[in-house]
Amino acid sequence: MIICQLNDLKVVSESTLLFSEIFIQFIKFINQHGVEVAETFYVSPLANPLSNDSLRDKILKLTRHLNREKNLRRGVKDVVKAIKKGSRGIVILAADVSPADVISHIPVICEDAGIPYVFVRSRM
């Protein structure tokens, strides 16, 4: 595991040092020139509808509240089982799941059962 910060290169484990000299020069170039690095996230092509930032914040608050009350189902098996048993609610899916085949059947099940679903940008 290697932690790379833009201010300095910090190596956590010497045995996993796999950086080439070109990558180290790239990091130094970024540090010297103050280049801003934008965070990019993988988004599955199946992720539709994808929530925007304000909706994502509201969904996060909702899931924290439901987690405290123990009214939350996690995982593909539990969610599918709850939908088939007739539970009502909203299904929140992560858009960065890889491979997408793991959750590709859930939107279809939700549409058949009339349950709303939404994708958020990341599972984190």
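User: Why is Lys 70 called exposed?

Analyst: The relative accessibility of Lys 70 is 66%. Exposed means over 50% relative accessible area, buried under 20%, and partly exposed in between (1.4 Å probe, protein chains only). Lys 70 therefore counts as exposed. The model is predicted, so local features are given only at pLDDT of at least 70 and side-chain atom pairs only at pLDDT 80 or more, while totals for chains, interfaces and linings use all residues. Residues are numbered from 1 along each chain as its sequence is written, and side-chain values use heavy atoms, with hydrogens and water left out.

User: How many helices and strands does the chain have, and what makes a segment count as one?

Analyst: The protein chain has 4 helices and 4 strands. Each is a DSSP run, numbered from the N terminus: a helix is H or I over at least four residues, and a strand is E over at least two. From the N terminus on, the order is β-β-α-α-α-β-α-β.

User: Why are Arg 56 and Asp 53 said to form a salt bridge?

Analyst: The side chains of Arg 56 and Asp 53 meet at 2.8 Å, N to O. A salt bridge requires a side-chain nitrogen of Lys or Arg within 4 Å of a carboxyl oxygen of Asp or Glu, so this pair qualifies. A search of the whole structure finds 1 salt bridge. The two residues are 3 apart in helix H2, which means that about one helical turn separates them.

User: Why is Ser 51 called buried, and which residues does it contact?

Analyst: Its relative accessible area is 11%, below the buried limit, and Ser 51 is therefore buried. Ser 51 sits in the loop between helix H1 (21–33) and H2. Contact means heavy atoms within 4.5 Å. Leaving aside neighbours within four places in sequence, Ser 51 contacts Arg 56, Ile 59, Val 118, Phe 119 and Val 120. Of the 124 residues of the protein chain, 23% count as buried.

User: Why is Asn 67 not called buried?

Analyst: Asn 67 has a relative accessible area of 33% and is therefore partly exposed. This residue is found in helix H2. Beyond its neighbours within four places in sequence, Asn 67 is in contact with Leu 72 and Arg 74.

User: What makes Leu 62, Ile 90 and Ile 92 a nonpolar patch?

Analyst: Patch members have over 30% relative accessible area and no salt bridge; nonpolar side chains (Val, Leu, Ile, Met, Phe, Trp, Tyr) are joined within 5 Å, like charges within 9 Å. Leu 62, at 36% relative accessibility, counts as partly exposed and is therefore over that limit. Leu 62 lies in helix H2 (residues 53–68). Together the three residues have about 220 Å² of accessible area, computed by the Shrake-Rupley method with a 1.4 Å probe; for residues, only the protein chains shown count as cover.

User: Which residues are closest to the centre of the largest pocket, and what makes a space a pocket?

Analyst: The largest pocket has a volume of about 1,200 Å³. Of its 36 lining residues, the closest to the centre are Thr 63, Leu 72, Arg 73, Ile 92 and Leu 93. On a 1 Å grid over the protein atoms alone, a pocket is an open set of points with protein on both sides within 12 Å along at least five of seven lines, whereas in a cavity a 1.4 Å probe fits but cannot get out; lining residues have an atom within 4 Å of a point. Points are joined across faces, edges and corners, and the volume is the space filled by probe spheres set on them. H2 supplies the largest share of the lining, 9 residues.
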